[in-house]
Amino acid sequence: MKNDDAERVHSALAGDDNAFSLLIEKYQPWIREFALHKTGDSHVAEEITGDTFLRAYQKLGTLKEPQNFANWLRVIANRCCIEWLRKKHFASRSLEHTNTEPEAQSK
C-alpha cells in the first residue's frame, strides 16, 4: 500500500493529476473523520479536508519520503485543525470582550 502511495506521489510530481486524485479518493474519508473528531463540526471537517488536500498538493514537492505520504498528510490535517481551533478560540474570546450595552446617544 505504501509503495502505491509512493508511486502515485512520483506520478503526481511528474504532472499526472489523476495520480493525486487517487490519493484523494483513498484518504479523503479518513481525513474527514479525523477533522470531524478534532472539530466536532461536519461542515468545518469538509472545509478542513479540502484545505488539507490543497496544501498537500501545493507542498507535494517538499515530501522527502513519498512512502510516508499518509503520515505527512495527517500532519497537514492536524495543522489545519489547530489553525481552525485557534481562530475559533480567538473569535469567541473577542466576542466575550465586546461591549453589548447600547451606547447612549448624545444630543
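1. The largest nonpolar core has 23 residues, and Phe20, Tyr27, Leu60, Phe69, Trp72 and Leu73 touch the most other members. A nonpolar core here is a set of buried Ala, Val, Leu, Ile, Met, Phe, Trp, Tyr and Cys residues joined through side-chain atoms within 4.5 Å. Helix 1 (2-13), helix 2 (17-39), helix 3 (42-59) and helix 4 (69-96) each give two or more residues to this core. Helices are DSSP runs (H or I, at least four residues), numbered from the N terminus.

2. This is a predicted model: local features need pLDDT of at least 70, side-chain atom pairs count only at pLDDT 80 or more, and totals for chains, interfaces and linings use all residues. Residues are numbered from 1 along each chain as its sequence is written, and side-chain values use heavy atoms, with hydrogens and water left out.

3. Phe20 is buried, at 4% relative accessible area. Buried means under 20%, exposed over 50%, partly exposed in between (1.4 Å probe, protein chains only). Leaving aside residues up to four places away in sequence, Phe20 touches Ala12, Phe53, Ala56, Tyr57, Leu60 and Phe69. Contact means heavy atoms within 4.5 Å.

4. There are 4 aromatic pairs. Rings of Phe, Tyr and Trp (its six-membered ring) pair if their centres lie within 6.5 Å; planes under 30 degrees apart are stacked, over 60 edge-to-face, the rest tilted. Phe20 and Tyr57 pair edge-to-face, 5.1 Å centre to centre with 65° between the planes. Phe20 lies in helix 2 and Tyr57 in helix 3, so the pair ties together parts 37 residues apart in sequence. Tyr57 is partly exposed, at 40% relative accessibility.

5. Tyr27 and Phe69 form a tilted pair: 5.7 Å centre to centre, 55° between the planes. Tyr27 sits in helix 2 and Phe69 in helix 4, so this pair ties together parts 42 residues apart in sequence. Both residues, Tyr27 and Phe69, are buried. With Trp72, Tyr27 and Phe69 form one aromatic cluster.
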